[in-house]
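Here is a short tour for anyone meeting this structure for the first time. Have the view open and follow along.

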Amino acid sequence: MRMSELSVPEQESTRRRALRTALRWRGFASLYDAVWASPHPLTPEGRVELADLALGAMSVFRARQVDLETEANRNAVEAWDLTGIAEQYEIFVERWSGVLPRIGAGDVTGADAVRARTEVMSAYRHFPVLDPLLPVDLLPADWPRSRAREVCVAVYDGLAHAAQEHVRSVAARFADGPHPGITAHTIAGMSAGIGHVPD
């Protein structure tokens, strides 16, 4: 685990808030007042980023937790709100898995397909900020991250063709003929390096 200890004068509250926000965006969590933890190793790019963030005194080091036989013992993983993160994943899964039967039946078409693809991706994009991607062995057995991704892919990719055809039809109304060059990206395709729905 990577640890950062920072010290910014109390009177510089704006700089302190900016630094804390920047650390959270990079997956850090506040373990104790000025001690922040990250589950990821420090990359060369991360070194540059932390150097740029260093508005006061900062120390960065790697640490290994040693459990103490006392009620005061605190697991470093508790620095992250795993319950809150899991709840956000569950809300996402519940909201969007309810749409899957309609997608399977072909009932989501036209502008509704475009809208749903936009909304599901917009909602899913919040998770990289919320979830620090802790190692799986540190997480509860039923951690909902993979299920949320499965639902996102099923909705986004499942509506790709319908959304693509709607956008093509709208474009064709304002131009001379069809626009076969308009293609809808899919998560599966982007992961495979293809990037769009084949005709």
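Let's start with Gly158, which touches Ile103 and Val153, leaving aside residues up to four places away in sequence. Gly158 sits in helix α7. Its relative accessible area is 43%, so Gly158 is partly exposed. Look also for Leu100: its C-alpha atom is 8.4 Å from that of Gly158, although 58 residues separate the two along the chain.

Keep in mind that this is a predicted model. Mean pLDDT for the chain is 80, with 75% of the residues at 70 or more. Among the elements, the lowest mean pLDDT, 50, belongs to strand β1 (residues 2-7), and the highest, 97, to helix α4 (residues 100-104).

Which side chain of opposite charge is nearest to Asp157? That would be Arg117, 5.0 Å away. A salt bridge needs a nitrogen and an oxygen within 4 Å, and Asp157, though buried, has none. What Asp157 does have is a polar side-chain atom 3.0 Å from the backbone nitrogen of Ala188. Not counting residues up to four places away in sequence, Asp157 touches Arg117, Cys152, Thr186, Ile187 and Ala188.

**Charged pairs**

Other charged side chains do find partners. How many salt bridges are there? The count comes to five, and the table shows some of them.

| Pair | N to O distance |
|---|---|
| Arg115 and Asp112 | 2.6 Å |
| Arg145 and Asp131 | 2.8 Å |
| Arg147 and Glu150 | 3.6 Å |

Take Arg115 and Asp112 to begin with. They are three residues apart in helix α5 (residues 110-124), so about one helical turn separates them. Arg115 is partly exposed at 43% relative accessibility, and Asp112 is partly exposed too, at 41%.

Arg147 and Glu150 are likewise three residues apart, about one turn of the helix, and both belong to helix α7. Arg147 has 39% relative accessibility and counts as partly exposed; Glu150, at 47%, is partly exposed as well.

What about Arg145 and Asp131? Their side chains meet in a salt bridge, at 2.8 Å from N to O. This pair links distant parts of the chain: Arg145 is in helix α7, while Asp131 is in the loop between α6 and α7, 14 residues apart. Are these two buried or exposed? Arg145 is buried, with a relative accessible area of 19%, and Asp131 is buried at 3%.

**Aromatic rings**

Last stop: the rings. A pair of aromatic rings is described by how far apart the centres are and by the angle between the planes. The count here comes to five aromatic pairs. In one of them, Tyr89 and Phe127, the ring centres are 4.2 Å apart and the planes lie at 15°, so this pair is stacked. Tyr89 belongs to helix α3 (residues 82-97) and Phe127 to helix α6 (residues 127-130), so to speak of the chain, the pair links distant parts, 38 residues apart. Tyr89 is buried, at 3% relative accessibility, and Phe127 is buried at 5%.

Phe127 also pairs with Tyr124: those ring centres are 5.6 Å apart with planes at 65°, so the arrangement is edge-to-face. Both Tyr124 and Phe127 are buried. Put together, Tyr89, Phe92, Tyr124, Phe127 and Trp143 make up one aromatic cluster.

Terms used. Residues are numbered from 1 along each chain as its sequence is written. Side-chain values use heavy atoms; hydrogens and water are left out. Buried means under 20% relative accessible area, exposed over 50%, partly exposed in between (1.4 Å probe, protein chains only). Lys and Arg count as positive and Asp and Glu as negative; His and the chain ends are not counted. A polar contact is a pair of N or O atoms within 3.5 Å; within protein, one must be able to donate a hydrogen and the other to accept it, and residues adjacent in sequence count only if both atoms are side-chain atoms. Contact means heavy atoms within 4.5 Å. pLDDT is the predictor's confidence in each residue, from 0 to 100. Helices (H or I, at least four residues) and strands (E, at least two) are DSSP runs, numbered from the N terminus. Rings of Phe, Tyr and Trp (its six-membered ring) pair if their centres lie within 6.5 Å; planes under 30 degrees apart count as stacked, over 60 as edge-to-face and the rest as tilted.
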